[in-house]
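Here is a short tour of one model, to be read with the structure open beside you. Please take the topics in any order you like.

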Amino acid sequence: MLTDSSQAGSSPTNPNRNLDADAFTLRRRPPSEKLLDLGFRQLTLALASVVAIVLLGIFITVFQGAREAMASFGLSFLTISSWDPVNEQYGAFTAIYGTLVTSILSLSIAIPLGVGTAIFITEDLIPSSVREAIGLMVELLAAIPSVVLGLWAIFVMGPAIRPVLDWLHELLGWSPFFDTAPQGPGMAPAILILVVMVLPIITAISRDALNQVPIELRQGAYGVGTTRWGAIFSVILPAAISSITGGVMLALGRAMGETMAVTMIIGNSFNFSFSLLAPGNTIASMLANQFGEADGIQVSALMYAALILMVLTFSVNVAAQWIVRRLSLRY
């Protein structure tokens with residue numbers, strides 16, 4: 001004879017069979033809810049399109065402003081270092097060289113510092129309260145305005161590093177990269193101030209990437225007998241390398257476009273020199289110094305330089321997307 005529970009279609013071992021089948025049927029959505037979803041979808045599409053439209057509008061505006069200089073100077077604008085408003089001879093090679101050198105060298109210093117700091121504050125090397133304090137200070141460093149960092153570079157950092165720069169000139173003066181006696185403002189101070197500015201970006205993104213690594217990977221590494229540093233360099237860093245690389249490329253874009261702090265400390269000289277101790281220039285600092293008083297074809301030349309900077313930063317972002325995608329597939 002069937003029991004009541006059997007007649008109800010359930011068993012003691014499967015209590016979920018007691019649930020009403022109607023609870024799993026799709027409910028009919030009212031037209032107002034469908035309309036709301038459609039409106040939200042269209043709104044997000046419109047807002048996303050605004051970003052692309054603004055970017056395209058900026059590019060078209062800069063390109064239109066640069067057409068006169070592009071027609072007058074052509075690609076020689078990229079290889080000429082003279083900037084002579086009197087004779088209307090313009091070339092951006094010095095600024096392009098300064099932009100690339102200061103950005104790349106600042107990253108070569110900031111990457112080990114930033115990633116090392118991220119490892120230090122994510123691993124259990126010190127008490128958690130100290131790690132949180134260090135992380136907070138790094139984030140506060142990113143909030144300091146660039147003009148304040150520029151003033152600090154002029155009055156504090158510059159005099160502090162002057163003996164070191166003099167020593168480098170005496171020791172490596174035979175090299176074209178250190179053959180100029182330090183004069184105060186120059187490429188080297190600009191590189192160091194860029195390190196200070198991009199360090200919080202690399203550290204913050206690297207810290208978040210390391211915190212997102214699954215704990216199972218760390219435990220598995222310890223389970224096969226590896227050491228703490230073996231787990232960090234063989235398991236944790238490879239697992240987070242794609243996000244860290246994205247942060248580095250983001251910092252590179254910030255370094256290439258930084259204006260005020262670099263303008264205040266680099267010297268703003270159009271005399272080309274390989275020396276890191278000599279005054280130099282960047283595209284961003286050149287635009288900040290020249291645009292306010294420019295007229296005629298000089299405005300177009302500055303627009304041409306701005307277009308070059310846009311192409312460089314766009315190339316950095318495209319390269320970042322490609323590298324992050326390749327590393328994500330690999331790891």
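Let's begin at Glu88, which is partly exposed at 46% relative accessibility (buried means under 20% relative accessible area, exposed over 50%, and partly exposed in between, with a 1.4 Å probe and protein chains only). This is a predicted model, in which local features need pLDDT of at least 70 and side-chain atom pairs count only at pLDDT 80 or more, while totals for chains, interfaces and linings use all residues. Residues are numbered from 1 along each chain as its sequence is written, and side-chain values use heavy atoms, with hydrogens and water left out.

**Positive phi values**

- Glu88 sits in the loop between strand E1 (83-84) and strand E2 (89-90); helices (H or I, at least four residues) and strands (E, at least two) are DSSP runs, numbered from the N terminus.
- The phi of Glu88 is near 55°, a positive value in a residue other than glycine.
- Asn268 also carries a positive phi, of about 55°, although it is not a glycine.
- The loop between helix H9 (260-265) and helix H10 (283-290) holds Asn268, which is partly exposed at 26% relative accessibility.

**Salt bridges**

- Side chains of opposite charge can pair when their charged atoms come close.
- The count comes to four salt bridges, each being a side-chain nitrogen of Lys or Arg within 4 Å of a carboxyl oxygen of Asp or Glu.
- One of them joins the side chains of Arg207 and Glu139, at 2.5 Å from N to O.
- Arg207 lies in helix H6 (residues 187-211) and Glu139 in helix H4 (residues 128-142), so this pair ties together parts that are 68 residues apart in sequence.
- Are the two partners buried or exposed? Arg207 is buried at 17% relative accessibility, whereas Glu139 is partly exposed at 41%.
- Arg162 pairs with Asp166, their closest N and O atoms being 3.6 Å apart.
- Both Arg162 and Asp166 belong to helix H5, four residues apart, or about one turn of the helix; Arg162 is partly exposed at 34%, and Asp166 is partly exposed at 27%.
- Arg254 and Glu258 form another salt bridge, with 3.2 Å between the closest N and O atoms. Here Arg254 is partly exposed at 33%, while Glu258 is buried at 7%.
- Salt bridges that share partners join Glu139, Arg207 and Asp208 into one network.

**A nonpolar surface patch**

- Ile144, Val147, Val148, Leu151, Trp152, Ile154, Phe155, Val156 and Met260 make a nonpolar surface patch of about 750 Å². Patches are made of residues with over 30% relative accessible area and no salt bridge, with like charges joined within 9 Å and nonpolar side chains (Val, Leu, Ile, Met, Phe, Trp, Tyr) within 5 Å; areas come from the Shrake-Rupley method with a 1.4 Å probe, and for residues only the protein chains shown count as cover.
- Helix H5 (residues 146-172) gives the largest share of the patch, seven residues.
- Ile154 is placed in helix H5 and is partly exposed, with a relative accessible area of 31%.

**The cavity**

- A search of the whole structure finds one cavity of 30 Å³ or more: a set of points on a 1 Å grid over the protein atoms alone where a 1.4 Å probe fits but cannot get out, its lining residues having an atom within 4 Å of a point.
- The largest cavity has a volume of about 50 Å³.
- Its lining includes Thr94, Tyr97, Gly98, Met187 and Phe272, and helix H3 (residues 93-122) supplies the largest share, three residues.

Technical notes
On a 1 Å grid over the protein atoms alone, a cavity is a set of points where a 1.4 Å probe fits but cannot get out, and a pocket is an open set with protein on both sides within 12 Å along at least five of seven lines; lining residues have an atom within 4 Å of a point. Grid points are joined across faces, edges and corners, and a volume is the space filled by probe spheres set on the points.
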